[in-house]
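Subject: A structure for you to look at

Hi there,

Here is the structure I promised to pass on.

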Amino acid sequence: MATHSNDHLDEAVLMARPEAEIGRLGSRSLVLGGAGVLLALVGFFVSRETFLQSYLVGYIFWLSITLGSLGILMIHHLTGGAWGMVGRRIWEAGTKTLPLMVILFLPIAFNLEGLYAWARPEAAHDPVVQLKVAYLNAPFFYVRAVLFFVIWGGLIYVLNRWSREQDEEPARLIGPKDRRFRLLSGPGLCLLVITVTFMSVDWVMSLDPHFYSTIFGVLMLGGQGLATMAFTILVLSALVRFDPMARVAKPDVFHDLGKLMFAFVMLWAYFNVSQLLIIWSANLPEEIPFYLERLNGPWRWVSTILLLLQFVLPFLFLLSRDLKRNPSAVRWVATVILVMRVVDLVWTIGPVFRHEGSGLHWLDFALVLAIGALWLPLFWRSLAGRPLVPARDPYFKEAMAHVGH
Amino acid sequence: MSHHAAATGPAIHGLMAEFDSAQALLDAATAAQKAGYTRVDAYSPFPIHGLAEAIGFRERLIPKFVFVAGATGGTLAFSFQYWVSAIDYPLNIGGRPYFSWVSFIPVSFELTILFAAFTAVISMLALNGLPQPYHPVFNNPAFARASQDRFFFVIEATDPRFDLDETRAFLNGLNPREVVAVED
């Protein structure tokens with residue numbers, strides 16, 4: 001009857017591609033990115049060392065949205081629901097930036113000595129590193145990196161191809177064939193969690209080869225989920241201003257996405273407290289320097305800012321039901337979280353190199369913007385290239401049936 | 001007088017309409033809200049999406065209680081641990097400072113959850129008026145099926161717009177299986 005009619009979900013309208021509007025959003029993000037490129041160029045000539053460290057921060061930041069998109073896309077295929085139908089194209093477009101991330105990995109791959117202590121000649125005299133040399137050596141590092149990209153690329157290629165088939169040949173998909181998304185996403189998520197865990201150990205944790213934390217990979221996974229939810233809400237709050245998103249991204253959907261972002265905020269805090277509590281209690285000489293460095297000196301303030309702006313403030317704001325349902329309010333919380341994701345990565349990576357002076361460096365943010373200047377255009381182009389709503393998914397109508405107001 | 005029947009017979013709790021489907025119940029609640037009825041209630045064997053809004057149910061108190069209780073629990077736990085380990089009975093444990101806030105986190109977290117959860121359940125029961133040994137809706141024998149396969153909608157006699165004949169006619173217009181006046 002009247003309350004359950006789906007007349008406003010007319011397929012022809014939903015399958016529209018608002019290329020002009022998306023193009024305008026894309027050019028807006030280019031302005032910020034352009035400024036970042038200029039600053040990054042300046043930084044490259046000022047300090048080659050800091051540039052490389054900041055480059056790693058920027059790279060890991062954008063990679064976390066690429067891989068977080070893949071993870072959340074697969075969770076959506078497994079669970080269904082309106083929030084996933086509305087966010088799906090954003091995540092699919094996010095995953096399609098992987099080829100760029102492969103190319104952007106090359107500067108890291110060719111500068112191992114500049115970043116990783118175990119790759120430097122001095123490491124030969126370090127007895128601790130010598131015990132880990134079977135794992136921490138350049139050839140094996142490259143083999144693992146290739147393996148990660150092949151696994152991620154395979155999942156991304158197949159999921160996007162099937163999704164395209166759903167749009168182009170919907171008649172063939174009704175029936176057992178639409179189960180293939182689920183059948184792939186279950187094992188796919190396991191593969192993603194394993195590869196991201198190893199990736200975090202290889203690319204981030206091994207910066208200091210003496211330090212180890214078994215929760216490190218999970219912490220990175222939680223951070224990827226948090227960054228991706230914040231990014232999704234930010235993009236959606238821009239897309240909701242015009243059709244077809246205006247028809248499906250109702251306050252109910254923002255409410256659900258806001259709740260998920262809230263859950264990731266708490267998950268991030270939970271993982272961090274777990275790591276702190278275990279390392280602090282054990283007080284072992286291999287582990288405790290990680291926190292001695294970060295809870296004293298210039299990094300102490302960065303730690304405080306992180307606690308306040310990536311946990312306390314978002315936690316208190318996201319408790320509110322009305323705020324989560326209001327796109328123009330919740331996007332500010334999402335913006336703060338995204339900025340704090342950068343600060344968190346600098347907090348993780350920076351203290352390995354910077355022991356005195358200021359903790360945060362302007363180059364960290366410049367390189368996030370500069371890599372964004374490459375990542376975002378690719379993202380917007382992929383987003384404009386497909387219908388913005390997966391209206392031909394066999395579960396679409398069922399999922400949207402309860403989206404009221 | 002339309003209240004004639006009510007004045008001579010037993011007092012009336014309200015008019016109860018019985019429906020076959022969740023959708024019919026939802027539509028009835030929406031129609032009643034449009035017609036201006038405010039003191040209504042709906043009964044179904046399972047939760048129905050959107051029904052709470054349709055009967056005008058707006059509960060905003062419990063979240064506030066829970067927040068205050070959670071904040072109290074956390075603060076209490078943290079300051080109690082501080083008082084015990086730094087003021088009342090300082091013990092040197094492995095050379096760590098007396099005010100070791102890291103080790104206070106788990107207990108503070110647990111007490112936040114404990115206070116919040118108990119407050120949520122207790123204030124829900126208090127505001128619901130539960131447990132309630134007697135409720136007039138059970139005076140209708142057919143109501144037993146509210147926990148199986150029937151859906152009931154009640155417009156209570158205390159509703160300012162309630163009028164036995166008019167309200168009965170309104171409910172009959174919604175295609176119910178039956179409309180029954182429930183004794184109080």
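Helix 8 of chain A and helix 10 of chain A cross in a left-handed way (left-handed: the near helix is turned anticlockwise from the far one by less than a right angle; right-handed: clockwise). The axes of helix 8 (residues 138–168) and helix 10 (residues 180–203) of chain A come within 10 Å and cross at roughly 155°. That makes helix 8 of chain A roughly antiparallel to helix 10 of chain A (under 35 degrees counts as roughly parallel, over 145 as roughly antiparallel, 65 to 115 as roughly perpendicular and the rest as oblique). Axes here are lines fitted to C-alpha atoms, for helices over the stretch in contact, and angles run from 0 to 180 degrees between N-to-C directions. Helices (H or I, at least four residues) and strands (E, at least two) are DSSP runs, numbered from the N terminus.

The contact of helix 8 with helix 10 of chain A involves 18 nonpolar, 5 polar and 4 charged residues (Ala, Val, Leu, Ile, Met, Phe, Trp, Tyr, Cys and Pro count as nonpolar, Asp, Glu, Lys and Arg as charged, and the others, Gly among them, as polar).

Before going on, please note that this is a predicted model: local features need pLDDT of at least 70, side-chain atom pairs count only at pLDDT 80 or more, and totals for chains, interfaces and linings use all residues. Residues are numbered from 1 along each chain as its sequence is written, chains are lettered from A and ligands numbered from 1 in the order in which they are written, and side-chain values use heavy atoms, with hydrogens and water left out.

A salt bridge is a side-chain nitrogen of Lys or Arg within 4 Å of a carboxyl oxygen of Asp or Glu. Because they are 4 residues apart in helix 8 of chain A, A:Arg161 and A:Glu165 are separated by about one helical turn. Over all chains, the whole structure has 22 salt bridges.

Another helix pair is worth a look. Helix 11 and helix 13 of chain A pack at about 155°, with their axes 9 Å apart. That makes helix 11 of chain A roughly antiparallel to helix 13 of chain A, and their crossing is left-handed.

On a 1 Å grid over the protein atoms alone, a cavity is a set of points where a 1.4 Å probe fits but cannot get out, and a pocket is an open set with protein on both sides within 12 Å along at least five of seven lines; lining residues have an atom within 4 Å of a point. Grid points are joined across faces, edges and corners, and a volume is the space filled by probe spheres set on the points.

Helix 17 of chain A has the largest share, 5 residues.

The second largest pocket holds about 1,100 Å³ of space. Of its 31 lining residues, B:Asp41, B:Ala42, B:Tyr43, B:Phe57 and B:Asn128 lie nearest its centre.

Finally, look for the cis peptide bond between A:Asp243 and A:Pro244, with omega about 0°.

Happy exploring!
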